[in-house]
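Me: I have a fold to go through. Can you walk me through the helix packing, then the overall picture?

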Amino acid sequence: MIYAYANLKVTNKESLLKYRDLAGEALAKHGGKVESSANQFTKLDGYPDFPDVAALLSFPDRDAAIAWAEDPELAHVHELRRGAGDSEIVLLG
């Protein structure tokens with residue numbers, strides 16, 4: 001199991017809603033799922049720049065996560081996320 005951290009500064013709520021309708025199925029195609037997501041945060045240390053939305057994603061392994069990110073059949077799904085605002089996804093491992 002490997003995890004990815006995703007965060008998004010939302011500028012287009014309509015695109016985000018469309019993305020959410022497709023994201024679960026797109027993740028599942030490569031064995032991924034959303035472990036947790038939030039739009040409220042509590043600082044524990046430092047000076048974080050809080051996103052509007054954050055999620056912890058899981059995948060069976062590194063190759064599955066990369067396959068999800070690079071799957072040409074999912075390009076339209078990733079574009080909806082990118083169109084919703086500034087997004088970053090970091091694989092933890």
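Reply: Helices (H or I, at least four residues) and strands (E, at least two) are DSSP runs, numbered from the N terminus. This is a predicted model, where local features need pLDDT of at least 70, side-chain atom pairs count only at pLDDT 80 or more, and totals for chains, interfaces and linings use all residues. Residues are numbered from 1 along each chain as its sequence is written, and side-chain values use heavy atoms, with hydrogens and water left out.

Me: Which residues of α1 and α3 meet?

Reply: From α1, Ser 15, Lys 18, Tyr 19, Leu 22, Ala 23 and Ala 26. They meet His 76, Val 77, Leu 80, Arg 81 and Gly 83 in α3.

Me: And by class, what is in that contact?

Reply: Six nonpolar, three polar and two charged residues. Here Ala, Val, Leu, Ile, Met, Phe, Trp, Tyr, Cys and Pro count as nonpolar, Asp, Glu, Lys and Arg as charged, and the others, Gly among them, as polar.

Me: At what angle do the axes of α1 and α3 cross?

Reply: Roughly 145°, and the axes come within 8 Å. Helix α1 covers residues 13–28, and helix α3 covers 75–83. The axes are lines fitted to C-alpha atoms, for helices over the stretch in contact, and angles run from 0 to 180 degrees between N-to-C directions.

Me: Left-handed or right-handed?

Reply: The α1 and α3 crossing is left-handed. That is, the near helix is turned anticlockwise from the far one by less than a right angle; clockwise would be right-handed.

Me: Zoom out. How many helices and strands are there?

Reply: Three helices and four strands. Along the sequence the pattern reads β-α-β-β-α-α-β.

Me: What about the radius of gyration?

Reply: The protein has 13 Å. A compact globule with 93 residues would be near 12 Å, so the value agrees. The radius is taken over C-alpha atoms, and the globule rule is 2.2 Å times the number of residues to the power 0.38. Along the principal axes, the C-alpha atoms fill a box of roughly 35 × 30 × 15 Å.

Me: How much of the protein is buried?

Reply: Buried residues are 32% of the 93. Buried means under 20% relative accessible area, exposed over 50%, partly exposed in between (1.4 Å probe, protein chains only).

Me: Now single residues. Where is Asn 12?

Reply: In the loop between β1 (2–10) and α1. Asn 12 counts as partly exposed because its relative accessibility is 32%. Beyond neighbours within four places in sequence, Asn 12 is in contact with Gly 83 and Ala 84. Asn 12 and Ala 84 are 72 residues apart in sequence, yet 4.5 Å apart in space, C-alpha to C-alpha.

Me: And Tyr 5, what does it contact?

Reply: Leaving aside neighbours within four places in sequence, the list is Pro 51, Ala 54, Ala 55, Glu 88, Ile 89, Val 90 and Leu 92. Tyr 5 is in strand β1.

Me: Last one. Glu 73: buried or exposed?

Reply: Exposed, because its relative accessible area is 58%. Glu 73 is in the loop between α2 (62–70) and α3.

Terms used. Contact means heavy atoms within 4.5 Å.
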